[in-house]
Amino acid sequence: MFKYILKRILIFIPTLLVISLLTFLLSVSVPGDPVEQMLSSASENGGKNVLASEQAYIDKRKNLGLDLPVFYFSLSNKATPKNLHEIPKKLHRENLEVFINKYGNWNEINSYYQSVKQLEIAVSHIDKDSSNADALIAVKDNLYKLYINHDDATLTSAKKNIQKNIQIASLQSINAPFQNTVAAYTAMKTKATIWKNSIPSIHWYGSQNQYHQWITKFFKGDFGISYQDQRPVKTVIWDALRWTLMLSLISMFITYLISIPLGVYSGAHKGSRFDKTTTTILFLLYSLPSFWVATLLIMFLGGGDFLGWFPAYGVGTDAIDDSMNIFQVAGVRMYYLFLPLVCFIYPSLAFISRQMRGAMINTLSQDYIRTARAKGLDEKTVLWKHAIKNSLLPIITLFASIFPLAISGAVTLEIIFSIPGMGKTVVEAIFSRNYPIVYTVVMFSAILTLVGNLVADILYALVDPRISFSKK
Amino acid sequence: MSTPIENNEKEQAYWSYVKRQFKKNKRALFSFYIVCFLAFIALFADVLANEKPLYCSYKGNTYFPVFRDYGVMMGFAKWPPDLRNIDWLNAKFDAVVRAPIPYSPTTLDPFNSGFVSPFGKQDVASTRWRHWLGTENIGRDILASLIHGTRIALTVGLVSMSIATIIGILLGALAGFFGDNRIKISRASVIMLLIGLFFAYFYGFSARSFTMSEAFSVSLLKGFLQFSLSILIFSAVLGGSYLLGFILKIIPFLKIKVAIPLDIIVQRLTEIFLSIPRLFLILAIVAIAKPGIFLVMAVIGFTSWTGISSFIRAELLKVRNLEFIEAAEALGYSRWRILFKHAIPNALSPVLIAVAFGIASAILVESFLSFIGLGIPAEVLTWGKLLALSRGGKSQLWVAIFPGLAIFLTVTVFNLIGEGLTDALDPRQKK
């Protein structure tokens, strides 16, 4: 048994690693720049000083650990330099990658990029006055285009535009850097070495990479900080988990309390009118989409036009003040959580009762039940003492699988009722590219699922002595 | 050992037995009829609800606008100048036969905008123009949207489950039939395959990523063509390096055969997919990619094969030890032929169950995604989106009830069919 558990835990490790790689890969391929997002949300624009704002960007990037290469190695081609990740801005980097793909000559591409940068610095040194304000804005706009575009037509028209504005406002100080840029662009185009693109090469970066940093910190218990509000991921998740756990524990308790007797009874009286009615009702409940039920419940009972018995959403935090004692707080919470709880409970109620009924029917057809009846035991003892033990087996497996579900299964309802639980937090994190939270939650639910399955198997063996792992 | 003909007869007998059992189940049979009905609606949605007339005579010419629409879509017909900018609803036709519901899901009825109730007074010319299930906020007909939504829901269910079934059957069959040690290849081939994988990935995908993304941004079709080309290059390079492995076999050390633990690989893959919450995975992919109905189908399909594959695996573990497989092996049939012609067909029946339940859950996931406004492009109106429309402020009962009912009905009938199949295929019920 111990050996079996050890073996299973050893198998966890590669599975978890692959899952971590998958989530990581997914988030790396997400469009958008988290650094830019954080800077624009954190501070008002410091756009006046190009050098300072660039430095702020670099600092932030370093702070988030995004200045490191993505992975231990990179599979690319001969044209791509090893240190491409050192180009700070993601947009620029992506544009440079396209240039590499088009022309394949990194030296020329880089000098073109540097010349555009020099031009930007030169532009930022010009003092703005009434005579050149419009021209400066136009130059800056087109300069921005140079950074992020790669097709010839757009670049040519942008350069023409800059040239025109230099002449109009006689911006002599940037003429030289601009001519440099034009020359560098021509050089890049004429000295193309596209063949370098078709020779594969592998760059090795070692352990100084984003993935390694993240995964080692993760196993040390440091989950990073949320991009959105700079709080530690740990607290964000803990705050959310409290709600989800509370909801799922309460609903699980009520579900089992109702569904086990219901399943046992209708299984024992298979074919009776009670059985037929409950089976039909439960089946219909099982197929009812919970987001529809939630919408209707809010409409009818939650402050809509019909009966305003319950609040439509939220968890009642505003309705609670410090003077309340714990029972009053619980009362308010229950008042707010009643509708969500109903929506949480009814699908699993239907599911577990059906499982319980099936298992009961299965068990009651076994020989040992017939023996028990032949012994003259009364029906109640047969049912609640002999049959229920074996029919609980599948329910135990379910119990273990419900835990990980508790983390993710509530997405729908948490969004509709706007409960600040895990589901809502993760979905918001996915939308706002708040990777640290997404990573952590996915990893945790994976761990919980794996552990849940293991626990189910072990419980299975404990309840049913016929199952043994040592032979496997 | 049975001859192929006998085998065939037996198979037919089995399926007709399953059919009989299924027909005995009244609920499942009834659900099957409802599915047929829904499929009918989906197929003929354009004829059932359309602002364009089925037939019309306009300025002396006769047209069949609904059908011409198909021609225009395929690119071999054009709208005549008369009809190009016509207001289909108010034009003066000489003679006209309209669809039963004279509205398209995109038709805006300015006189009945802002959630007109199906029960109250409506500002329409006659009962012919009535919005039987009301309208939503900008005056689109709910019934027309529901009819066209059927098409999307069923397509999502079917396509995504087809993807899932293909992946599931393939992986499950490999794992179940070959197990951990029934496929053996030489060390030379393993080495060459690994090296080949690197080059195949590089020339197939890495070096072509720019070309591919460029093509995808032009059009889906072009992107798909480029993607297929990439797969072709990938397989060609991989196959080529596998063939090169034969030369390496002259070295004795490399000639030794090693077993490929297919079962372990597939089992771990299944575990990985089961450990990541499916909805999160779908949400994450849908949130980063461009919205599109095919994307939603593909994502649902690629994340729901695990059930099917474990069904097939379990079934093949049983089947592969049956006599007829041994007989086929004794006859010297190749193992791939045995797998695809004998083993898989005999293991398919439980897959049907998984597919029926899978369609139900795919439709549910799609409606949830559109309910929270993800994945499906803005111009496509689905059941989930209609349902979401009811959530803004004032309660619009009909906007919530009818699409919800449609989802509920469809999900229920597929679940009932799944139940019916479970019972029909259960050998314990044989009498």
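Predicted model: local features only at pLDDT ≥ 70, side-chain atom pairs only at ≥ 80, totals over all residues.

Reader: Which residue is the bridge partner of B:Ser57 in strand 2 of chain B?

Author: B:Thr62.

Reader: And what is the strand order in the open sheet of chain B?

Author: The order is 2-1-3, for 3 strands with antiparallel pairing. Strand 2 (61–63) and strand 3 (95–97) of chain B are the edge strands, each pairing on one side only. From one strand to the next, the twist averages 20°.

Reader: Next topic. Where is B:Ser104?

Author: B:Ser104 sits in the loop between strand 3 and helix 6 (142–178) of chain B.

Reader: Buried or exposed, that B:Ser104?

Author: Buried: the relative accessible area of B:Ser104 is 8%, and the cut-off for buried is under 20%.

Reader: What does its side chain make a polar contact with?

Author: The side chain of B:Asn50, at 3.2 Å.

Reader: Over to chain A. Which residues of helix 9 are buried?

Author: In helix 9 (residues 210–220) of chain A, they are A:Gln210, A:Tyr211, A:Trp214, A:Ile215 and A:Phe218. Seen down the helix axis, these buried residues fall within an arc of 115°, so they line one face of helix 9 of chain A.

Reader: What do they pack against?

Author: Helix 1 (2–28) and helix 19 (435–463) of chain A.

Reader: What caps the N-terminal end of helix 9 of chain A?

Author: A:Asn209, with a side-chain oxygen 3.1 Å from the backbone nitrogen of A:Tyr211. After helix 9 of chain A comes A:Gly221, with a positive phi near 95°.

Terms used
Residues numbered from 1 in each chain as written. Chains lettered and ligands numbered in written order. Heavy atoms only, no water. Pairing = 2+ DSSP bridges. Helix = DSSP H or I, 4+ residues; strand = E, 2+ residues; numbered from the N terminus. Axes fitted to C-alpha atoms, helices over the stretch in contact; angles between N-to-C directions. Buried < 20%, exposed > 50% of the residue type's maximum accessible area, 1.4 Å probe, protein only. Polar contact = N/O pair within 3.5 Å; in protein donor to acceptor, adjacent residues only side chain to side chain. Arc of directions from axis to C-beta. Contact = heavy atoms within 4.5 Å.
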